Amino acid sequence: MAKIEAICISEQKGTKKTATESASLEKEWGIRGDAHGGTWHRQVSLLSLERIEEFRARGVQVDFGAFGENLVVSGLDLRKLPVGTLLRAGTALLEVTQIGKECHSHCAIYHAVGDCIMPREGIFARVLEGGEIHVGEPVKVEARKGIFPWQAAVITLSDKGAAGEREDKSGPVIAERLRKNGYQVVEKILMADDRKALERTLIRLADQRQPDLILTTGGTGFSPRDVTPEATMAVAEREAPGIAEAIRTASLRITPHAMFSRAVAVIRGRTLIINLPGSPKACNEAMDVFLDALPHALGLLRDQIKDCADFFGNIKSYNC
């Protein structure tokens, strides 16, 4: 049986977390009194006891909370839980929102021994239902009532937009249309046309946030700074060429310039990544091509192989 082995909090960011026997979790905030609480997706951090014990077996003695974790849980391989998993801890209900994390400024443990397990083994969650938690209480994976909405991220590639010289109009248009179709837009990003930066962002999103869909806009043409397709292909595990082909075919009925699009569509893990054009009008036209059919593809990626649910909870049989 999985259970809470330790509860750790810190009143200020950047300070070591200390263990306590109990804590209160506040809905859509986190642990009361912990500096990392807030209206964001990483309200509570969790780490498996077994991973800590493996680290200690290397001869490094670390206290609970040393990796920045709020909850230490035994009997459950947290790293294997997909985003969207519901965890009942005490009377509180958590939803997993991220797997692993980027480490920009290494912690004291990393500087001491050259390694830290939190970036690759830790997970993060938000609090759906507040409640009390105590050391020794069980942690259970809870079945979801209803359908987990499709998750999406939107990335705008624009040198001028990132420099503040041009308003990003395409990203908001894409995000609003996704929301109207029942998607939860978990991140909106505006960045320069930088191939390596885009690769890192796509990897972070697909591997850690694990959205069902990532839509990029911009950087698909012939300009030397148009590197979106190259970055997308660099992170791909599988290609999905039919989507880009369908968009180009439909766009050619509108403008001959569609033949100059180098946009691609790929899969990384269970995330579908689709490149869109740079203008709001062209983005809407491209989304007209695939948006209604997308639940079938996303249902397959989620391994819903019998029936794929649409955004509104109705069941559509696709003979998956």
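## Charges over aromatic rings

A charge is taken to sit over a ring if NZ of Lys or CZ of Arg is within 6 Å of the ring centre and within 35 degrees of the ring normal. In this predicted model, Lys13 lies over the face of Trp40, at 5.8 Å from the ring centre, and Arg56 lies over the face of Phe64, at 4.9 Å from the ring centre.

## Aromatic pairs

Two aromatic pairs are found in the structure. In one of them, the ring centres of Phe55 and Phe67 are 5.2 Å apart and the planes stand at 90°, so the pair is edge-to-face. This pair links distant parts of the chain, since Phe55 belongs to helix α1 (residues 49-56) while Phe67 lies in the loop between α1 and β6 (71-74), twelve residues apart. Phe55 is buried, with a relative accessible area of 2%, and Phe67 is buried as well, at 7%.

Phe222 and Phe260 also form an edge-to-face pair, with 5.6 Å from centre to centre and 65° between the planes. Phe222 is in the loop between β14 (213-217) and α7 (228-235), and Phe260 is in the loop between α8 (241-252) and β16 (265-268), so the pair ties together parts that are 38 residues apart in sequence. Phe222 counts as exposed, at 60% relative accessibility, whereas Phe260, at 39%, counts as partly exposed.

## Salt bridges

The structure holds 22 salt bridges, among them one between the side chains of Arg51 and Glu54 (2.8 Å, N to O). Both residues lie in helix α1, three residues apart, which is about one turn of the helix; Arg51 counts as buried at 17% relative accessibility, while Glu54 counts as partly exposed at 46%. Arg51 also meets Asp77 in a salt bridge (3.6 Å, N to O), and because Asp77 lies in the loop between β6 and β7 (86-89) and Arg51 in helix α1, this pair ties together parts that are 26 residues apart in sequence.

Arg88 and Glu129 meet through their side chains in a further salt bridge (3.0 Å, N to O). Arg88 lies in strand β7 and Glu129 in strand β9 (residues 123-129), so parts that are 41 residues apart in sequence are tied together. Elsewhere, salt bridges that share partners join Glu28, Glu95, Arg126 and Arg144 into one network.

## Helix α10

In helix α10 (residues 294-301), the residues Leu294, Pro295, Leu298, Gly299 and Leu301 are buried. Seen down the axis of α10, its buried residues fall within an arc of 160°, so they line one face of the helix. Just after α10, Asp303 takes a positive phi of about 70°.

How values were computed. Residues numbered from 1 in each chain as written. Predicted model: local features only at pLDDT ≥ 70, side-chain atom pairs only at ≥ 80, totals over all residues. Heavy atoms only, no water. Phe/Tyr/Trp six-rings, centres within 6.5 Å; stacked < 30°, edge-to-face > 60°. Helix = DSSP H or I, 4+ residues; strand = E, 2+ residues; numbered from the N terminus. Buried < 20%, exposed > 50% of the residue type's maximum accessible area, 1.4 Å probe, protein only. Arc of directions from axis to C-beta. Salt bridge = Lys/Arg side-chain N within 4 Å of Asp/Glu carboxyl O.
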